[in-house]
Number of protein chains: 2
Amino acid sequence: MNVLLASTSTLFGGKYLEYIKKEIQELFSGIDEIIFVPFARPGGISHDDYTEIARNFFAEINIKVKGLHEFEDKISAINSAKGYFTGGGNTFLLVKTLHEENLMNVLAENVKSGKPYLGSSAGSNIGGINMKTTNDMPIVYPPNFDCMGLVPFNINPHYLDPNPQIKHNGETRETRIREFLTQNNIKVVGLREGSWIRRIGDKITTEGTELTRIFEKGKEPYELESGSEL
Amino acid sequence: MNVLLASTSTLFGGKYLEYIKKEIQELFSGIDEIIFVPFARPGGISHDDYTEIARNFFAEINIKVKGLHEFEDKISAINSAKGYFTGGGNTFLLVKTLHEENLMNVLAENVKSGKPYLGSSAGSNIGGINMKTTNDMPIVYPPNFDCMGLVPFNINPHYLDPNPQIKHNGETRETRIREFLTQNNIKVVGLREGSWIRRIGDKITTEGTELTRIFEKGKEPYELESGSEL
């Protein structure tokens with residue numbers, strides 16, 4: 001497999017996908033066109049407008065972008081594509097759409113056969129085993145929470161450390177993930193902004209500028225340095 | 001109806017339910033025993049331990065507490081009870097359990113017939129129309145997202161204002177609720193900690209020390225002062 005799952009599309013103060021531009025070029029090396037999956041579309045913009053944002057970035061590295069929503073026959077579009085990018089937004093909306101249109105498994109099969117896949121945020125969540133560690137609000141009801149399983153764990157993008165200065169009794173991210181582990185025996189990779197997961201063949205590593213926090217049932221959470229194998 | 005839906009059980013630096021003790025006494029006035037619904041149990045503690053926390057508070061105001069999990073026949077326990085308190089934790093876990101044991105509608109019918117109901121956090125979420133505006137992590141998959149509809153809107157407990165100082169690109173609470181409104185036409189009441197909703201008969205008011213932020217499809221969000229009718 002050839003997969004890059006990023007915590008976020010945009011670092012604070014940065015431009016869209018700028019901080020992983022070199023890695024994206026490597027991921028899609030030799031490929032001149034990819035499909036963009038816009039179904040998590042954030043903030044109520046249209047699929048067209050969201051695809052345009054991705055298209056503008058990829059134009060800089062000479063890769064054409066087609067929006068998956070543009071195709072009448074989406075299954076055949078996925079099967080014919082050379083590579084994929086799924087953008088962020090709301091994971092519930094993304095997973096609902098992919099399952100209702102029977103696209104989740106088709107996309108997974110193509111990526112498992114070796115075609116490169118880039119995800120950011122919600123697009124990284126669906127690279128995990130299931131979406132039960134998303135941070136998103138359940139604004140729609142998906143037919144199930146299963147995802148592609150491109151990696152043998154779940155991802156928590158935008159992982160945030162507890163802030164002792166906040167006078168607020170909502171659960172911290174760490175508490176939420178520990179609650180997940182009371183109900184599920186699946187490793188969770190907390191990806192801080194600026195970090196990503198890279199899978200090349202069978203080798204899966206943590207990458208980026210930040211440590212990566214790992215949660216496993218029955219263990220204290222621990223940190224992995226950039227470049228560690230997962 | 002006689003309902004109190006609180007944003008949180010515990011204010012920063014305060015004790016469990018202390019800030020609404022007087023209101024809870026009024027809500028359950030004339031009642032010497034209630035049922036506690038512990039199914040959202042937070043942080044992996046047992047139903048017994050969670051019920052004990054509620055029991056200790058209610059002992060101070062001379063109300064006995066039985067945990068719903070203690071009953072073999074939970075439907076009949078709910079039908080025989082004089083009042084109810086559902087505590088916080090994970091809303092997905094709470095809603096899944098209530099639906100799987102066919103308790104959501106039974107509880108709703110009893111509260112709609114006039115028995116007093118107290119909710120905090122996840123226990124307030126289930127007082128709304130559905131749980132699509134919870135902040136919680138989807139650690140389990142409920143058979144559906146429908147809730148009791150004790151009020152004709154949805155609740156977002158622990159409502160947090162955007163913090164411009166946080167260098168983080170996860171969605172703000174306001175962004176998430178605006179995304180909900182792109183997919184649903186249901187009013188959302190953002191309850192800051194220290195605020196609650198009170199329903200007496202047909203009159204529904206916002207209460208507490210904070211302003212309450214209201215979100216409606218096609219409108220800019222707006223604030224209501226304590227005591228405003230909803």
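1. Starting with the interface: across chain A and chain B, there are 11 residue pairs in polar contact, with both residues of each pair at pLDDT 80 or more. Bear in mind throughout that this is a predicted model. H7(A) gives the most, with 7 residues. Sorted by class, that side of chain A has 18 nonpolar, 18 polar and 8 charged residues.

2. Now the extent of that contact. Chain A puts in 44 residues, and chain B puts in 44 residues too. Between them the two chains bury about 3700 Å², with 59% of that area on carbon and sulfur atoms. How many salt bridges cross the interface of chain A and chain B? The rule finds 0. So for anyone going through the polar side of this interface, the thing to look at is the set of 11 residue pairs in polar contact, given that a salt bridge needs a side-chain nitrogen of Lys or Arg within 4 Å of a carboxyl oxygen of Asp or Glu and the count across the interface is 0.

3. Over all chains, the structure holds 34 salt bridges. In chain A, Lys219(A) pairs with Glu216(A), with N to O at 3.4 Å. Lys219(A) is partly exposed, its relative accessible area being 47%.

4. In chain B, have a look at helix H7. The side chains of Glu174(B) and Arg178(B) form a salt bridge there, 3.1 Å from N to O. Both residues belong to helix H7 (residues 173–183) of chain B and sit 4 residues apart, which is about one turn of the helix. Are the two partners buried or partly exposed? Glu174(B) is buried at 13% relative accessible area, whereas Arg178(B) is partly exposed at 35%.

5. Another chain B pair joins two strands. Arg213(B) makes a salt bridge with Glu223(B), and their closest N and O atoms are 2.6 Å apart. The pair links distant parts of the chain: Arg213(B) comes from strand S10 (residues 212–215) and Glu223(B) from strand S11 (residues 222–224), 10 residues apart. Arg213(B) counts as buried, with 16% relative accessibility, while Glu223(B) counts as partly exposed, with 30%.

6. Two backbone spots deserve a check. Leu17(A) has a phi near 65°, a positive value in a residue other than glycine. Leu17(A) sits in the loop between strand S1 (2–6) and helix H1 (21–27) of chain A, and this leucine is buried, with a relative accessible area of 0%. The other spot is in chain B: Ser121(B), also not a glycine, has a positive phi near 55°. Ser121(B) is in the loop between strand S5 (117–120) and helix H6 (122–125) of chain B. At 9% relative accessibility, Ser121(B) counts as buried.

7. On cysteines: how many disulfides does the rule count over all chains? The count comes to 0. Cys147(A) is buried, at 11% relative accessible area. Cys147(B) counts as buried too, at 11% relative accessibility.

8. Last, a glycine in chain A. Gly149(A) lies in the loop between helix H6 (122–125) and strand S6 (154–156). Gly149(A) is partly exposed, with a relative accessible area of 27%. Which residues does Gly149(A) touch, leaving out those up to four places away in sequence? They are Lys112(A), Ile126(A), Gly127(A), Gly128(A) and Ile129(A). For Gly128(A), 21 residues away along the chain, the C-alpha atom is separated from that of Gly149(A) by 4.7 Å.

Conventions: Residues are numbered from 1 along each chain as its sequence is written. Chains are lettered from A and ligands numbered from 1 in the order in which they are written. This is a predicted model: local features need pLDDT of at least 70, side-chain atom pairs count only at pLDDT 80 or more; totals for chains, interfaces and linings use all residues. Side-chain values use heavy atoms; hydrogens and water are left out. Contact means heavy atoms within 4.5 Å. Buried area is the accessible area (1.4 Å probe) that two parts lose on being put together, summed over both. A polar contact is a pair of N or O atoms within 3.5 Å; within protein, one must be able to donate a hydrogen and the other to accept it, and residues adjacent in sequence count only if both atoms are side-chain atoms. Ala, Val, Leu, Ile, Met, Phe, Trp, Tyr, Cys and Pro count as nonpolar, Asp, Glu, Lys and Arg as charged, and the others, Gly among them, as polar. Buried means under 20% relative accessible area, exposed over 50%, partly exposed in between (1.4 Å probe, protein chains only). A disulfide is a pair of cysteine sulfur atoms within 2.5 Å.
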